[in-house]
Amino acid sequence: MPKTNLKNYLHLHFIVFIWGFTAVLGALITIDAIPLVWYRMSLAVIVLFIYFLIKKKNLKVPPKTLIKFFIGGVLIAIHWIAFFSAIKVSNVSIALVSMSTGALFTSFIEPLFFKRRINITELIFGLIVISGLYIIFNVENDYTLGIIYALIASLLSALFTVINGLFVKQNDGATISFYQLLFGVLFITVYILFSTGFTSEAFTLTTNDIIYLIILSTICTAYAFIISIDIMKYLTPYTVMLTINLEPVYGILLAVLIFGESEKMTPQFYLGAAIIFVTVVINGMLKNKKST
């Protein structure tokens, strides 16, 4: 492997490791999911805006495009709220394993947007993933709500990814990210104003919360997104896809190391998780063969 590719490959692993750490930070931050996501997106918007100023990049986009970005922003905001809600009511392991279904959700959503038939192989893989989730549901009854939240987050993530696949053909990735984060913040702000309001009880942060939120917003959101787009210019989509599938593995290992017993699950849970992971990887490998 050429030195440039090796450097980018290692950098990609670092980014995926950071994404895995996102779930851990969500568990460490003491505030609820909605204020957590509001802080995360607000800080990330500020960081990206500073990035644009430094790079002297133009933020102008057509009004019709802004409407599309608004839809994407709402989707990503609700996705993150569901994801962090899953962590709050269950744990990191449950949330990340359930989120691993995203690639297969994408397989069923893509045909709707790109007007193609659903692949029988993908349908079979989907049924296998459901069997893995069924095993987890049966043995982890205390975490049912967490699994449901995570599956909603996974579905929204798949929808968001497919939509962005259409947007990125005509727009810069960093520009898409900035506007979607901005509109996501505005959406959550309006929701909060018309529901509970910005109460000190919900939005008060501890010193540790502030530190974790800064890491979450800058490194795990703004930095990771910008760098991941750049890396994709040098590595094949297949390499990127397989590496990203390691995110739950990194996250679960980190969670076990940091939280200990609260993250240790039953053997049946790990059997169900293994079924999901292996199915997603095999599905990706078969897709890669078809595209080469």
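## Basis of the model

Residues are numbered from 1 along each chain as its sequence is written. Because the model is predicted, local features need pLDDT of at least 70 and side-chain atom pairs count only at pLDDT 80 or more, while totals for chains, interfaces and linings use all residues; side-chain values use heavy atoms, with hydrogens and water left out.

## Overall fold

The protein chain has 13 helices and zero strands (DSSP runs numbered from the N terminus: helices are H or I with at least four residues, strands E with at least two). Of its 292 residues, 46% are buried (under 20% relative accessible area, with exposed over 50% and partly exposed in between, using a 1.4 Å probe on protein chains only).

## Helix α4

Let's turn to α4, residues 92–99. Eight of its eight residues are buried, so the helix is largely enclosed by the rest of the structure. Among them are Val-92, Ile-94, Leu-96 and Met-99. At the start of α4, the backbone nitrogen of Ser-93 has a side-chain oxygen of Asn-91 within 3.2 Å.

Helix α2 holds Arg-40, which is buried yet has no salt bridge (a side-chain nitrogen of Lys or Arg within 4 Å of a carboxyl oxygen of Asp or Glu). Its nearest side chain of opposite charge is Glu-247, 8.3 Å away (Lys and Arg count as positive, Asp and Glu as negative; His and the chain ends are not counted). What Arg-40 does have is a polar contact of 2.8 Å with the side chain of Thr-221 (a pair of N or O atoms within 3.5 Å; within protein, one must be able to donate a hydrogen and the other to accept it, and residues adjacent in sequence count only if both atoms are side-chain atoms).

Gly-126 sits in helix α6, residues 120–139, and counts as buried because its relative accessibility is 8%.

Helices α2 (33–55), α8 (173–194) and α9 (200–203) each give two or more residues, and α9 gives the most, with three. By type, the lining divides into seven nonpolar, three polar and two charged residues (Ala, Val, Leu, Ile, Met, Phe, Trp, Tyr, Cys and Pro count as nonpolar, Asp, Glu, Lys and Arg as charged, and the others, Gly among them, as polar).
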